Amino acid sequence: GIAVDSSGYAYVAGETRSSNFGTASAYQGTFGGGGEGGGDAFITKLGTSGSSLVYSTYLGGSGNDYGRGIAVDGSGYAYVTGYTDSTNFGTASAYQGTLGGSYDAFITKLIPTPAVTTGTATSITSTSATLNGTVTTIGLTTTAWFNYGTVSGSYSGTTTTASLSGTGSAWSRRRAMPQTWP
């Protein structure tokens with residue numbers, strides 16, 4: 001499947017049998033496997049020009065995992081649907097956390113990890129320093145300043161002036177499918 005958000009980023013979901021599929025800022029950076037001609041689902045977000053990867057990740061366990069559809073909400077979160085026969089397909093807050101049939105349907109919400117770029121430390125004293133940085137998540141950039149206390153010349157990272165947080169994660173829910181799939 002393919003979807004395009006209001007900023008022009010393209011999101012693609014499908015499946016791959018490649019163990020060296022291109023990944024970037026990946027939730028799952030390694031191929032999970034797949035037997036009998038199957039592989040892992042993947043989710044890729046392309047830059048607005050179509051020539052760069054914002055993120056690209058595998059999604060799957062040791063069985064066969066198929067990405068079939070994708071949608072993007074107003075916050076830039078990707079929702080992927082598909083089906084799996086993996087007994088170790090990652091789930092969180094799942095309606096059904098284990099394989100319930102030959103194949104189970106899944107829906108996964110992908111929440112990308114913010115990228116943090118730091119600059120030069122300023123306002124350095126014997127007890128603190130200010131570290132300037134940029135946090136980029138879901139294509140949006142915010143500048144932040146972090147104050148760190150120092151102990152014996154090393155950063156202890158105890159205080160932040162700007163409170164910005166985020167994690168890369170995904171949640172998946174699954175439901176047993178009729179035995180006629182795939």
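Does R17 count as buried or exposed, and at what relative accessibility?

A: R17 counts as exposed, because its relative accessibility is 65% (buried is under 20% relative accessible area, exposed over 50%, partly exposed in between, with a 1.4 Å probe and protein chains only). The model is predicted, so local features need pLDDT of at least 70 and side-chain atom pairs pLDDT 80 or more, while totals for chains, interfaces and linings use all residues. Residues are numbered from 1 along each chain as written, and side-chain values use heavy atoms, without hydrogens or water.

R17 belongs to the loop between β2 and β3 (strands are DSSP runs of E, at least two residues, numbered from the N terminus). Along the sequence R17 and G39 are 22 residues apart, yet in space their C-alpha atoms are separated by 4.5 Å.

Seven aromatic pairs are found in the whole structure (ring centres of Phe, Tyr or Trp, its six-membered ring, within 6.5 Å; planes under 30 degrees apart are stacked, over 60 edge-to-face, the rest tilted). The rings of F21 and F42 stand at 40° with 4.7 Å between their centres, so this pair is tilted. F21 lies in the loop between β2 (10-16) and β3 (40-46), whereas F42 is in strand β3, so the pair ties together parts 21 residues apart in sequence. F21 counts as partly exposed because its relative accessibility is 23%. F42, with a relative accessible area of 11%, is buried. Ring pairs also join F21 and F42 with F31 and Y58, and these four make a cluster.

Y83 and Y103 form another aromatic pair, this one edge-to-face, with 5.5 Å from centre to centre and 75° between the planes. Y83 lies in strand β6 (residues 78-84) and Y103 in the loop between β6 and β7 (104-111), so this pair ties together parts 20 residues apart in sequence. Both of these tyrosines, Y83 and Y103, are buried.

T87 lies in that loop between β6 and β7 as well. T87 counts as exposed because its relative accessibility is 62%. From the C-alpha of T87 to that of G60 is 9.8 Å, and the two residues are 27 places apart along the chain.

The structure has one salt bridge (a side-chain nitrogen of Lys or Arg within 4 Å of a carboxyl oxygen of Asp or Glu). Its partners are the side chains of E15 and R68, with 3.0 Å from N to O. E15 is partly exposed because its relative accessible area is 35%. R68 is partly exposed too, because its relative accessible area is 42%.

D5 touches Y11 and V72, leaving aside residues up to four places away in sequence (contact means heavy atoms within 4.5 Å).

Terms used: Helix = DSSP H or I, 4+ residues; strand = E, 2+ residues; numbered from the N terminus.
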